[in-house]
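Below is a short report on a two-chain model. Read it with the structure open.

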Amino acid sequence: MTRKKKRLAVIGGGLAFLGLAAALTFYALGQRTSYFYMPGDLVAAELTPGQRIRLGGLVEKGTIERGQGTNVSFQVTDHENSVKVAYNGILPDLFREDQGVVTEGTFGTDGVFVADSVLAKHDENYMPREVADGLKAKGVWQEED
Amino acid sequence: MIVELGHFALVLAFALALVQSTVPLIGARSGNQRMMAVAGPVTIAGFVLTAFAFAVLTVSYIQSDFSVVNVWENSHSLKPMIYKVTGTWGNHEGSMLLWVLILAAFGALVTVFSGNLPATLRANVLAVQGMIGAAFFLFILATSNPFARLDPAPFEGRDLNPLLQDIGLAIHPPLLYLGYVGFSISFSFAVAALIDGKIDAAWARWVRPWTLAAWVFLTGGIAMGSYWAYYELGWGGFWFWDPVENASFLPWLSGTALLHSAIVMEKRSALKIWTLLLAILTFSLSLLGTFLVRSGVLTSVHAFATDPTRGVFILAILMVFIGGSLALFAIRAHLLTAGGLFQPISREGALVLNNLFLTTATATVLIGTLYPLLVEAVTGDKISVGPPFFNMTFGPLVVPLLAVVPFGPLLAWKRGDIAAVSQRLFFAFGIALLATLGAFVFIDRVSVFAALGIGLSVWLVAGAFTDLALKAGFGKVSPSVALSRLFGLPRSVFGTALAHAGLGLTTLGIVSVVTLETEKFTSMKPGETVQVADYTIRFDGISPFQGPNYTEDRGHFTFLNSAGRELGELFSSKRLYPARQMPTTEAGIRTRGLSQLYISLGDPTVDGGIVVRIWWKPLVLLIWLGGVLMMIGGTVSLLDRRLRIGAPAARRSAAVGEAKALPS
C-alpha cells in the first residue's frame with residue numbers, strides 16, 4: 001500500500017466507525033425513549049399496545065390501596081382526569097397523597113397502567129418538572145409556600 | 001458581624017479576580033514584566049479571601065447561627081457535628097462557594113508550582129483562571145449569596161435533607177468538584193497556548209500532572225457518588241444513567257481521552273491540536289455538568305430543589321467560556337505546527353484509537369442526556385431517555401475498547417508489530433480464556449454474557465500485569481535481575497498497569513452484579529424465612545429506635561447459611577426526621593468477602609407483614625474498589641520522577657527513562 005492509500009484507509013475506517021456509532025445512536029433514540037403524559041393527555045395520545053410511556057401527575061387523595069402481598073395501586077390525577085396505576089414494588093419514601101409523582105410502564109388491557117418504576121424525589125420541596133409544567137398548563141398549579 | 005466580613009471578603013475576591021483576569025493578560029501582550037508579575041500575588045490573595053469566606057460560613061453552621069438564611073434553611077441545632085460541618089456544602093449556595101474555593105486553591109497551587117514556566121504562559125494561564133473565577137464569584141454574589149441574613153433570627157433551623165446526613169456528603173462533593181475544577185487548569189493552559197500561538201512538548205509535560213490529578217479526584221468522586229447512591233437510596237442500583245450522573249461521567253470520559261492524547265503529545269509531539277481541543281472540551285463538559293445539576297432543567301432522581309433563574313446565569317457563563325474558547329481555537333489553531341509522524345499500528349495509533357472510542361462514547365452519552373431538552377425545545381414533547389438507550393449505545397462502544405486496552409502499552413512508538421505483541425499477550429489471553437470457560441462451566445451455564453464479561457475483565461487485569469512482567473524482563477533474564485528491574489521501572493508504567501487493572505476489576509464487578517445477582521421481592525411476617533442465593537434470611541420483627549435527630553422502625557433480620565447455622569444479624573430501617581417530616585429508607589447491608597447482602601424495607605402489608613426486597617450482589621464491591629485502584633494508579637503515575645522535576649531541565653533524563661521503558 002502506498003502512503004496515500006494507507007491514510008485513506010485509516011480515515012475511511014475512522015469515518016465508518018463514527019457512522020456506525022451515529023446510526024446506532026439514532027436507532028436507539030427512536031426505540032428507547034418514552035414520552036411523558038398527564039392523565040388528561042391520554043385521550044388525544046395515540047398509544048400502540050405495549051408502548052412504554054411515563055405517566056405523571058398528583059397522587060389522588062384516598063386512592064392508595066395495598067393489595068395482596070407486595071401489590072399496591074393508586075390513582076394519578078391532574079385534577080380533571082385520573083388513571084389507576086398498579087405497581088409491584090417499594091414505593092419511594094416521599095410518596096404521599098397530593099404529591100407529584102412520575103411513573104413509568106405500559107397500559108394493560110383493562111385500562112390500568114402497570115408501572116415498573118415510580119420516580120422518587122430527594123427533597124420535599126421538589127416537584128418533578130414535567131408535572132409542575134403540566135399542572136401550570138392546566139391552571140391548577142399552586143405555588144408551595 | 002463576622003458574617004458580613006465573609007460577604008465582604010467574597011466581594012473583594014471578585015474584584016481581585018477581575019484584576020487577575022486583565023492585568024497579566026495585557027502585560028503578556030505588551031511584554032510588560034511588572035504587569036505579568038501581578039498575577040501571582042493577586043491569585044494567592046484571592047485564595048486567602050475565598051478561604052476566609054468559606055471558613056465564615058462553616059463557623060456559622062457549627063454555631064447554628066440561624067440569622068443566616070442559608071444556615072436556617074439547611075441546618076438544625078441537634079444535628080451531629082460532622083453534618084453541621086459538611087452541611088456547609090450540602091446546599092446550592094454553600095456548594096457553589098466550595099466550587100470557587102477549589103478553583104481559587106488550584107489557582108494558588110499553579111502560582112506556587114509554576115516557577116519554571118515561561119513568564120507569558122504563566123501570566124496567561126492565571127489570567128484565564130481569573131476569568132473563570134470572576135464569572136463564578138459574580139454568579140454567587142448576584143444569585144446565590146450564602147451570607148444573606150434573616151431578621152428576626154428563628155430559634156430553630158429547618159434541618160439538612162436527611163439523605164445528605166451521611167458521611168458521603170463529606171467526601172463525594174469535594175472530590176467531584178476537585179475533579180471538575182481541576183480540569184480548569186488544563187483548560188487555562190490550552191487557552192493560554194492559543195493566545196500565545198505557541199505550543200510544544202514541554203506544554204504537555206506541564207499540563208499532564210494537573211490533568212492527572214483532576215482525573216484521579218473525579219474518578220474518586222464518581223465512585224464515591226455511585227456507592228453513596230447505592231447504599232443510601234435503598235434501590236440497590238449502582239448507576240442509573242441519570243442526567244446528574246451523566247453530567248459527572250462526561251468530563252471523566254473526555255478527561256480520560258485527554259490523559260491519553262497528552263501522552264502522545266508529550267512523548268512524540270504529535271496530536272497537539274487535538275489535545276488542545278480535548279482540554280477545552282473536558283472543562284466545557286465540567287461546566288455543562290455544573291449547569292445541568294444546578295439548574296434542574298433535566299428531571300433527575302438526584303435532583304434537589306432548584307431555581308431556574310440561576311440556570312440562565314450559568315448557561316450564560318457556559319456560552320461565554322465554551323463559545324469563546326472554541327472561537328479562539330478556530331482562529332488560532334492553524335498556527336500550531338503538526339508534529340511527529342507515525343504508522344497506524346503503533347503506540348500512537350493505539351492511543352488515537354482509544355481517543356476515537358472515548359470521544360464517540362462521550363458523544364453518545366451527551367446526546368442521550370441532552371436529547372430530551374432538544375426535543376422539548378423543538379416539538380414541545382416531553383420524553384425521557386433511559387438506561388436502555390445507554391446500554392444499547394455505550395455498551396457496544398466500550399466493549400471493543402476494553403478488548404484492545406492490553407495491546408496499547410505493549411506496542412512500540414512510531415511503528416509497532418501487532419503479531420509480536422499478540423504473541424506476548426498469549427499468556428494473558430490463555431488465562432482469560434480459562435476464566436471464560438470456568439465461569440461458563442462452574443458459575444452459570446445459561447448466561448453467555450456473564451462468561452464473556454468475566455473473561456474480558458480477567459483479560460484486562462492479566463494484560464496489565466503482562467505489561468509489567470514484560471517490561472521487567474521476566475522469562476528473559478534471571479528472576480532476581482527481573483525483580484530489580486521491576487522496581488526500577490518508571491512509576492508511570494506502574495500507574496498505567498494499576499489503572500488498567502482497576503478498569504478490569506470495575507468491569508468484573510459490573511458484569512457480576514448485572515448478570516449473576518439474585519433478587520427476592522416479597523412480604524414477610526416475623527419468623528418467616530426466604531432463600532436468597534446460598535443464604536436463608538429470617539425476619540425477626542420490628543422494634544423502634546431513637547436516634548439523635550430522627551426516630552426509626554428497625555427491621556431485624558438474621559441470615560443463615562445452607563446448613564442452617566446463624567451467620568449474623570442485619571438491620572434495615574425506615575427513618576423519620578421530624579424537623580422536615582421526611583422519611584428515609586436505611587438499607588441493611590452485610591459484606592461477605594467482596595459480595596454483599598442487601599435488604600431494603602417497604603411498607604407494612606394489610607395482613608400484618610412487611611414488604612422487603614432482598615438482593616445478593618456477588619462481587620459488587622469490585623465496582624468501587626476498581627475505581628480506587630484507578631485512583632491509586634493515577635496517583636502513582638503522578639509521583640513519576642519525570643513530572644516532578646522542572647520540565648525544560650528534565651528533557652535529557654526523561655529521554656533516558658523513555659528508552660528504558662520500551663520493551664525489548
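## A helix pair in chain B: α9 and α10

Start with helix α9 (residues 201-233) and helix α10 (residues 243-268) of chain B. They pack at an angle of about 150 degrees, and their axes lie 9 Å apart. Angles over 145 degrees count as roughly antiparallel, so α9(B) is roughly antiparallel to α10(B). Their crossing is left-handed. The model is a predicted one, and every value here is computed from it.

## A second pair: α6 and α7

Helix α6 (residues 92-113) of chain B packs against helix α7 (residues 119-143) of chain B. The angle is about 165 degrees, with 10 Å between the axes. That makes α6(B) and α7(B) roughly antiparallel. α6(B) passes α7(B) in a left-handed crossing.

What does α6(B) bring to the contact with α7(B)? Its residues there are Met96(B), Leu97(B), Trp99(B), Val100(B), Leu103(B), Ala104(B), Gly107(B), Val110(B) and Thr111(B). The α7(B) side includes Val125(B), Leu126(B), Gln129(B), Ile132(B) and Gly133(B). Also on the α7(B) side are Phe136(B), Phe137(B), Phe139(B) and Ile140(B).

Phe189(B) sits in helix α8 (residues 167-196) of chain B. Is Phe189(B) buried or exposed? Within 10 Å there are 26 other C-beta atoms. The cut-off for a buried residue is 20 or more, so Phe189(B) is buried.

Leaving out residues up to four places away in sequence, Phe189(B) touches Val125(B), Trp203(B), Trp206(B), Val207(B) and Ala279(B). One of these, Val125(B), is among the α7(B) residues that meet α6(B). Phe189(B) and Val125(B) are 64 residues apart in sequence, yet their C-alpha atoms are 5.4 Å apart in space.

## Backbone points to check

Most residues other than glycine have a negative phi, and most peptide bonds are trans.

In chain B, the peptide bond from Asp151(B) to Pro152(B) is cis, and its omega is near 0 degrees. Pro152(B) belongs to the loop between α7 and α8 of chain B. Leu271(B) has a positive phi, near 60 degrees, and is not a glycine. The loop between α10 and α11 (272-295) of chain B holds Leu271(B). Leu271(B) counts as buried because it has 25 C-beta neighbours inside 10 Å.

In chain A, the residue to check is His79(A). Its phi is near 75 degrees, again a positive value in a residue other than glycine. His79(A) is placed in the loop between β4 (71-77) and β5 (82-88) of chain A. How many other C-beta atoms lie within 10 Å of His79(A)? There are 16, so His79(A) is partly exposed.

## Chain B as a whole

Chain B has 22 helices and ten strands. Its radius of gyration is 27 Å, close to the 26 Å that the globule rule gives for 664 residues, so chain B is as compact as a globular protein of that length. Along the principal axes, its C-alpha atoms fill a box of roughly 80 × 75 × 55 Å. Buried residues account for 54% of the 664 residues in chain B. Among contacts in chain B with a separation of 6 or more, 74% join residues 24 or more positions apart.

Domain 1 covers 1-165, and domain 2 covers 168-335 + 346-408. Domain 3 takes 425-516 + 625-664, and domain 4 takes 518-617. How far apart are the centres of domain 1 of chain B and domain 3 of chain B? Over C-alpha atoms, the separation is 40 Å.

## Chain A as a whole

Chain A has two helices and seven strands. From the N terminus on, their order is α-β-β-β-β-β-β-β-α. Of its 145 residues, 31% count as buried. Take the contacts in chain A between residues at least 6 apart in sequence: 52% of them join residues at least 24 apart.

In chain A, the domain assignment gives domain 1 (1-33) and domain 2 (35-138). The centres of domain 1 of chain A and domain 2 of chain A are 41 Å apart, taken over C-alpha atoms.

Technical notes. Residues numbered from 1 in each chain as written. Chains lettered and ligands numbered in written order. Predicted model: local features only at pLDDT ≥ 70, side-chain atom pairs only at ≥ 80, totals over all residues. Domains from an automatic or database assignment. Helix = DSSP H or I, 4+ residues; strand = E, 2+ residues; numbered from the N terminus. Buried ≥ 20, exposed ≤ 12 C-beta atoms within 10 Å, placed from the backbone. Contact = placed C-beta atoms within 7 Å. Rg over C-alpha atoms; globule rule 2.2 N^0.38 Å. Axes fitted to C-alpha atoms, helices over the stretch in contact; angles between N-to-C directions. Parallel < 35°, antiparallel > 145°, perpendicular 65-115°, else oblique. Left-handed = near helix turned anticlockwise from the far one by under 90°.
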